[in-house]
Amino acid sequence: MFCIILEIRRNYSDVLHQTVDTGHYDIIEHLVKELKFDVNAYDLIGCTPLHCVPMNDPRGIAKLLVESGACVFAETLYDRETVTFGCEMENDFDSAFYKYMKEVEGELGVINEGRVYAAFDFQDN
């Protein structure tokens, strides 16, 4: 069974992105918490799941992803935009999603029980 799950994760990595984009919270929660999908994986167009969160984020998808290890400063591969920068480019300063992401950026290391996640491996020299 575990091999099947690994194969699904490898071959359908954009499933999480598509599910986030459509806002299916229960499915996202299952993919992230039960099947351990990578919350920092890039899809075919260079976005992380956090970049796919609908602007109105009515169900708290961003919070679920951040609490599951999503890197809040991850950049898109094609234009190097962070999630908040993308919101700013769209003049979306009033959405709950933007406000939450700015709060997370400002409180990094304080909220989320002090856990901070990186998108890539880091070695201290």
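These legends accompany close-up views of a predicted model. Residues are numbered from 1 along each chain as its sequence is written.

**View A. Phenylalanine 93 meets tyrosine 98 edge-to-face.** A search of the whole structure finds one aromatic pair (ring centres of Phe, Tyr or Trp, the last by its six-membered ring, within 6.5 Å; planes under 30 degrees apart are stacked, over 60 edge-to-face, the rest tilted). Its ring centres, those of phenylalanine 93 and tyrosine 98, lie 5.6 Å apart with planes at 90°, so the pair is edge-to-face. Tyrosine 98 is buried at 9% relative accessible area, while phenylalanine 93 is partly exposed at 40% (buried is under 20%, exposed over 50%, partly exposed in between; 1.4 Å probe, protein chains only).

**View B. Glu88, Lys102 and Glu105 share one salt-bridge network.** Here a salt bridge is a side-chain nitrogen of Lys or Arg within 4 Å of a carboxyl oxygen of Asp or Glu. Glutamate 88 reaches lysine 102 at 3.8 Å, and lysine 102 meets glutamate 105 at 3.7 Å. Glutamate 105 is buried at 15%, whereas lysine 102 is partly exposed at 35%.

**View C. Glutamate 81 is buried without a salt bridge.**

Technical notes
Predicted model: local features only at pLDDT ≥ 70, side-chain atom pairs only at ≥ 80, totals over all residues. Heavy atoms only, no water. Lys, Arg positive; Asp, Glu negative; His and termini not counted.
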